[in-house]
Amino acid sequence: MEKLSTRHLLGIKHLTRQDIELIFNTADNFKEVINRPIKKVPSLRDTTIANLFFENSTRTKLSFELAEKRLSADVVNFSASGSSVSKGETLIDTVSNILAMKVDVVVMRHPNPGAAVFLSRNISASIINAGDGTHEHPTQALLDAFSMREKYGDLTNKKVVIVGDIAHSRVAISNIYCLQKMGVKVKVCGPPTLIPKYIHALGVEVEYNLDEAIAWCDVAMMLRIQLERQGADYEGNQVKYFPSIREYANLYGLTLERLHKLNKRITIMHPGPINRGVEVSSDVADSEHSIILNQVENGVAVRMAVLYLLSGRNLE
Amino acid sequence: MVNERLIIDSNKLQLTIKRLCYQLIENHHDFSDSVILGLQPRGIYMADRIHKELEQILNKKVLLGRLDVTFFRDDFRRRESPLIPNATQIDFTIENKKVILIDDVLYTGRTIRSGLDAMLAYGRPQNVELMVLVDRRYSRHLPVEANYIGTQVDSIAEERVKVEWKETDGKDQIILYTPE
């Protein structure tokens, strides 16, 4: 019988193409479920899930919580602000305490890269990484690829360009892994200061000119400029990756004017939250080119599939 | 070694389907308030067959859906790997309708129990009936019985009943497999 090759979802890097396809096929069924008059199924009624968010999140947290509730799981929520973390408790202690309350699955977002892997080696519950620093954000990449698959069917040899702050983006890394496993050709585009030096090692090409990048691609994935991850280096010195937001918007902002210059239609995606007028202009975000809201809807279905497949093991 | 025994051949299966259709018509008349739901994975073939036959006899459209019960089963997390779901396809509401659930084999009754739960996401039916092609008697885990039965088989737990369809298996027949 089919099952995932792993009992945690730590990153796309650890998944096989078969895993990704199994998640997509299962998500197809959950997408049908969340469009029913009654959107709830009882599959996880004996499962308890802890959502641990050590970093701010609106969409991912809501989406996970909704997915869990639609599967009838019991859900406990935790956010770092206002908790014992601010009193100096370590990650393992915090999580062990929560696990002592008999939790089966942990969904965690953490500012430190590798936090999910670290946790998976130290505790017995299944871990789902909901974003660890600048490392990976696997469910976002899965829902992005799922949304593309919904639009195009087979993704082999499709062309995707990821535009913006590649250096600080876990969405970019997870998407590069995920899309390449599905046979997609990936380019990244952005100012040289925001492109990691060794990005070629992942097998992607770099394009510094946005107009050429969108002329090449079928799908443009616009990333948010992560103002919270800029500003200072490790010694506290002021660091700026580009001269001004206005200059960034001029060079790398996607506008309807740019799209009209193309002799083809491309699809616009954005993982959210959008800085309107910076990486994407408002008219593009709301145009028929954009599948941004489909991404959000598919997020719930994909997360339901991941939770379902990871929780479906034998009771221990 | 496994012994195979043919329970019903292609001709008799066709007759059985016809007979079941006329039994349905006795109770549901012109099907204006009635809908058919085939249970995934294997009940859908029988539902397709019944549906086709009914439309021919009545010369009108009859509502047909496919219901997957995977998310409502009671053995989730009690197996080695997760249960892989199939598609549910119901493009109508069953609110106040007479529902006929169709499956190929009735054995423990657990699938039907899940089906009754799964169905409720599409509305509150006026009543529900069950049609099966094969009723494996004396093996129920739950108090579930069918209203319309193609044939009855007395079998032990180690035996397996398989309904094969021309569309998927190349031949219409019902076979009983007995391990030696």
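User: Before we start, how is the model set up?
Analyst: It's a predicted model, where local features need pLDDT of at least 70, side-chain atom pairs count only at pLDDT 80 or more, and totals for chains, interfaces and linings use all residues. Residues are numbered from 1 along each chain as its sequence is written, while chains are lettered from A and ligands numbered from 1 in the order in which they are written.

User: What makes chain A a chain of domains, and where are the bounds?
Analyst: The bounds come from an automatic or database domain assignment. Chain A is split into domain 1 (12-137 + 297-311) and domain 2 (138-291). Their centres, taken over C-alpha atoms, are 25 Å apart.

User: How do you know which residues of the two domains touch, and how many are in contact?
Analyst: Contact means that two C-beta atoms, placed from the backbone, lie within 7 Å. By that rule, 21 residues of domain 1 of chain A are in contact with 20 residues of domain 2 of chain A. On the domain 1 side, helix 1, strand 4 and helix 11 of chain A each supply at least two residues. Helices (H or I, at least four residues) and strands (E, at least two) are DSSP runs, numbered from the N terminus.

User: What makes something a nonpolar core, and how many residues has the largest one?
Analyst: A core is a set of buried Ala, Val, Leu, Ile, Met, Phe, Trp, Tyr and Cys residues joined through C-beta atoms within 7 Å. Buried means 20 or more other C-beta atoms within 10 Å of a residue's own; 12 or fewer is exposed, and in between is partly exposed, with C-beta atoms placed from the backbone. The largest core has 135 residues, and A:Val106, A:Ile162 and B:Ile102 are among those with the most contacts inside it. Helix 11 (residues 292-311) of chain A gives the largest share, 10 residues.

User: Which residues does A:Val106 contact?
Analyst: Setting aside neighbours within four places in sequence, A:Val106 is in contact with A:Ala50, A:Leu52, A:Val95, A:Ala125 and A:Ile127.

User: Why is the length of helix 5 of chain A said to agree with what it should span?
Analyst: The expected span is 1.5 Å times one less than the number of residues. For the 15 residues of helix 5 (residues 138-152) of chain A that gives 21 Å, and the end C-alpha atoms are 21 Å apart, so the two agree.

User: What makes helix 5 of chain A "mostly covered"?
Analyst: 11 of its 15 residues are buried, including A:Leu142 and A:Phe146. The buried residues of helix 5 pack against helix 1 (17-33), strand 4, helix 6 (170-181), strand 8 (219-222), strand 11 (267-269) and helix 11 of chain A.

User: How do you know which strands pair, and in what order?
Analyst: Two strands pair if DSSP finds at least two bridges between them. Five strands of chain A form an open sheet in the order 7-6-5-8-11, with parallel pairing. Five bridges join strand 5 to strand 6 of chain A, and four join strand 5 to strand 8 of chain A.

User: What is the order of the four-strand sheet?
Analyst: That open sheet of chain A runs 2-1-3-4, also with parallel pairing. Strand 1 (residues 48-53) and strand 2 of chain A pair over six bridges, and A:Thr48 has A:Asp74 as its bridge partner in strand 2 of chain A.
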